[in-house]
Amino acid sequence: MTINKYYILPLLLFCLAFVAACNKQPNEINNTKLTDVTLIVNADIVTMNAHQPTANAMAISDEKIIAIGSEAEVLQLIGDYSQRQDLKGTTIVPGFIETHDHLYMSSTISILTDVSPFSTPTLAQAIEKIKHTKPDNEGWIIAFGADQTLYSEKKGPTRDILDELFPKTPVMVFHLSGHGGFANSIALASAGIDENTPNPAGGFYEKDENGQLTGFLSGQPALFTVKGYPNPSPDTAVTAALMRAKKGVTTSSELGIMNEIVLKGLQEATSSASFPVRVVGGYFSTAPDFEVVVPKLKSYETKFLKIPFIKTWTDGSLQGGTAYLTEGYHAHDFGDGGAQGSQDFFNKQVVDMYERGYWPAIHANGNGAVDVALNAIEYAQTTLADKFDPSIRPQIIHAQMTTEDQIKRMAALNASLTFFTTHVYYWGDLHYEKTLGPKRSERLSAMADAFNYGVHPSMHNDPPVSPIDPLLNMWIAVKRTSKNGRILGKEQAISPQQALASYTINAAYQFGMEKESGSLEVGKLADYVVLDKNPLKVPPDEIRNITVLTTVRGGLTTYSAEYELN
Ligand SMILES: [Zn+2]
């Protein structure tokens, strides 16, 4: 293994800046400038840098990587060090970058009892967890994540079940979709809701065949008459960020910034030097205070918070029946989503983003919606002509159904793609049977095409829609297996190397951070994860079982399995 000129040059420049230090003996360097050098040895390092794919040792100082190569090479370059870490053959990869997250907005959920089908697959298990939940400050028992369609019993925690457990305490179990919930009798009574209460516009209080309330509140207008979500805060953001660090994430995102309260909360949270993750944000194009806030958006940025994006939606969701599919849904009763606005509306919106210097982050699930998004980007390019800024990188979010031609067009428009690949696993069977049918579901998250045409694809979990888990997501992209074991579109499977690129160097590119993170190179940030096994060396089926041992953001340990076990 060699340290080539790419690595020596930045070190030389570093030395030129501190000529006095470089002329001295190594230990003197240590006493002057390189006061805090950590030398990492015996590591199986996957750098994601094409010029030097692997290494065994790395030295970090002042948040950055100052040398990488073999132990002898690194030692020769750094001379001395203040701390030595023996990784005993474990693996280091660049820190994972979650390109579509709701770190802040979903952070309240991280402090609630989690009864999502991802953690409690049966209603019985969910009930067991609710039983052991302590009341909050206001005396309520609150949990999040119930879904009657995903629990194996195909039933939710209805009023009768909750009443039996909690006859005297109000209970609210929020629905996984965020658009409903289950309440017990005390909770309903506290809101003055009984069998005679009329349904609010945009929601309903479910009744059984005898006209009795079941406790299920459908739609936010019905939900919020009983109980609103606890507000996210800088404190809940820390809890959510630690959950991400535990999964190897060093850069997260919040693509749902909807007002100045959220901006202030994010600013406060990320102002702490120990905040566990970097955050990349996007402001809602539909925010009521958009015109007032966007001109001062940059003033909210911190060392760990960057806001390059403005977010818009061209359609809804596949599983919700609101995605815009040019050929419609496979099961005709499932849904019939169109575009959520005219082409003209999106054209103007995207031109406005370019003119303000912001990067368009465009939600588009169905192929119809992807067309609308690409048309709008192309419109901005032709309309703005000389004023069009080609350094702006528009991002298409989700892109569950795309044609090969659309991916070619993205490459031509310099647009990149973040795929919602977890759908193949969690909702793949639903897409096969109902939303897309056997043929189209093979093209769900067409990641292989995206790699072939060089559109820097990344992937995401979109928490809380699916739980944060980059290694599981990589396994899904490689194996393309649904929950029931169906293989969906083997041709779109990618290699473990490409899966890792999606979560590191490609993701960094999409966030405009590729010069500072996404790979392990001299001069880049020391953002990395220690894994018990190398995802490029284990049989692909085992990628999902790899354990995160340590996560490091800018040289700071943000998660340690060892510490957690103690
Ligand atoms: Zn989202």
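**Figure 1. Domains of the protein chain.** The chain is divided into domain 1 (5-89), domain 2 (113-226) and domain 3 (234-559), with bounds from an automatic or database domain assignment. Residues are numbered from 1 along each chain as its sequence is written. The model is predicted: local features need pLDDT of at least 70 and side-chain atom pairs count only at pLDDT 80 or more, while totals for chains, interfaces and linings use all residues.

**Figure 2. Contacts of domain 1 with domain 3.** The C-alpha centres of these two domains lie 33 Å apart. In domain 1, 18 residues are in contact with 18 residues of domain 3 (contact: C-beta atoms, placed from the backbone, within 7 Å). Helix H1 (5-17) and strands E2 (44-46), E4 (57-61) and E5 (64-69) each give two or more residues to this side of domain 1; helices (H or I, at least four residues) and strands (E, at least two) are DSSP runs, numbered from the N terminus. E5 gives the most, with 5 residues.

**Figure 3. Helix H12 and its surroundings.** The buried residues of H12 are Phe 346, Val 350, Val 351, Met 353 and Tyr 354. These residues fall within an arc of 155 degrees seen down the helix axis, so they line one face of H12; the arc is that of the directions from the helix axis to the C-beta atoms. Asp 344 and Arg 356, on the other side, are exposed. A residue is buried if 20 or more other C-beta atoms lie within 10 Å of its own, exposed if 12 or fewer, and partly exposed in between, with C-beta atoms placed from the backbone. Strand E18 (359-364) and helix H13 (367-384) are among the elements covering the buried residues of H12.

Notes:
Contact = placed C-beta atoms within 7 Å.
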